[in-house]
Amino acid sequence: MSSLTPFESGDTAQRASDADRDHIAAILGEALATGRLTSVEHADRLEAAYNAVTVGDLVPLTRDLTGLAPASTPSFSADQQAVTAVFSKIIRGGRWVAGRHTVLRSTFGALIIDLTDAVLPGREVTLELNSFCGKLIVRVPENARVMDEGSAIFSKRHISGGNEGGDPNGPLIRVTGRAMFGKVVVSRGVSDHHWPWHIG
């Protein structure tokens with residue numbers, strides 16, 4: 001079934017490693033690309049893979065995908081993703097799969113991203129937020145820890161939801177990128193007044 005096959009007859013209680021989870025994620029990505037999984041099935045299984053504690057938790061996720069190995073250059077990658085708004089307004093929320101390194105760009109536009117129900121591939125995610133004469137607003141999960149490593153020039157930059165109040169076992173979100181003559185806001189929770197609940 002993969003490199004995990006030996007564990008099916010062995011010790012499935014062994015703790016899963018990040019490499020094990022990434023390998024399963026690659027197989028699931030290939031299954032999505034070849035039509036063996038729907039986008040909803042893929043999102044459910046990917047979330048289960050990155051929440052897996054033991055090898056036994058991972059084995060069922062690809063049991064019905066035998067013979068499928070990740071391609072050397074898969075058409076789907078859980079590593080990187082990009083969303084760009086140029087002279088436009090884009091809103092993304094609900095159930096979607098974010099990349100381990102997600103690049104968000106707003107140029108003379110508005111980009112509003114809600115990660116509350118998104119599937120985060122791993123315990124650490126990097127958000128590269130680049131705004132040029134635009135607005136970029138991101139809502140992170142309640143249990144996330146946020147580390148700001150970005151910069152701003154003639155811009156408004158507000159990053160809230162740091163390590164305080166976050167779950168020590170929750171995802172770590174590194175915020176990088178640069179704002180020029182724009183606005184970047186990263187907030188956590190419905191109580192944060194920076195989150196635009198009434199989006200016109």
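This section describes the fold, the sheet, the salt bridges and a surface patch of one protein. The model is predicted, so local features need pLDDT of at least 70 and side-chain atom pairs count only at pLDDT 80 or more, while totals for chains, interfaces and linings use all residues. Residues are numbered from 1 along each chain as its sequence is written, and side-chain values use heavy atoms, with hydrogens and water left out.

The secondary structure consists of 3 helices and 12 strands. Helices (H or I, at least four residues) and strands (E, at least two) are DSSP runs, numbered from the N terminus. The protein has 200 residues, and 46% of them are buried. Buried means under 20% relative accessible area, exposed means over 50%, and partly exposed lies in between (1.4 Å probe, protein chains only). The protein exposes about 9800 Å². Carbon and sulfur atoms supply 52% of that area. Accessible areas come from the Shrake-Rupley method with a 1.4 Å probe; for residues, only the protein chains shown count as cover. Among contacts with a separation of 6 or more, 67% join residues 24 or more positions apart. A contact means heavy atoms within 4.5 Å.

Strands of a sheet pair through backbone hydrogen bonds, either parallel or antiparallel. Here, 5 strands form an open sheet with parallel pairing, in the order β2-β4-β6-β12-β9. Strands β2 (89–92) and β9 stand at the edges. Each has a single partner strand, so one side of each lacks a neighbour in the sheet. The twist averages 5° from one strand to the next. Axes for such angles are lines fitted to C-alpha atoms, for helices over the stretch in contact, and angles run from 0 to 180 degrees between N-to-C directions. Two strands pair if DSSP finds at least two bridges between them. Strand β9 pairs with β12 (residues 183–188) in the parallel sense over 4 bridges. Lys156 has Lys183 in β12 as its bridge partner.

Side chains of opposite charge can pair when their charged atoms come close. The whole structure holds 9 salt bridges, each a side-chain nitrogen of Lys or Arg within 4 Å of a carboxyl oxygen of Asp or Glu. One of them joins Arg21 and Asp18, with the closest N and O atoms 2.9 Å apart. Both residues lie in helix α1 (residues 18–33), 3 residues apart, so about one helical turn separates them. Arg21 is buried at 10% relative accessible area, whereas Asp18 is exposed at 53%.

A salt bridge also joins Asp64 and Arg45 (2.9 Å, N to O). This pair links distant parts of the chain, 19 residues apart. Asp64 lies in the loop between α3 (55–58) and β1 (80–86), and Arg45 in helix α2 (residues 39–51). Asp64 is exposed at 51%, but Arg45 is buried at 17%.

In another pair, Arg174 and Glu149 bring N and O atoms to 2.7 Å. Arg174 is in strand β10 (residues 172–176) and Glu149 in the loop between β7 (145–148) and β8, so the pair ties together parts 25 residues apart in sequence. Arg174 is partly exposed at 22%, and Glu149 is partly exposed at 41%. Asp44, Glu47 and Arg95 are linked in a network of salt bridges.

Val86, Phe87, Phe108, Phe132, Ile153, Phe154 and Phe181 make a nonpolar surface patch of about 760 Å². Patches are made of residues with over 30% relative accessible area and no salt bridge: like charges are joined within 9 Å, nonpolar side chains (Val, Leu, Ile, Met, Phe, Trp, Tyr) within 5 Å. Phe154 lies in the loop between β8 (151–153) and β9 (156–159). Phe154 is exposed, at 69% relative accessible area.
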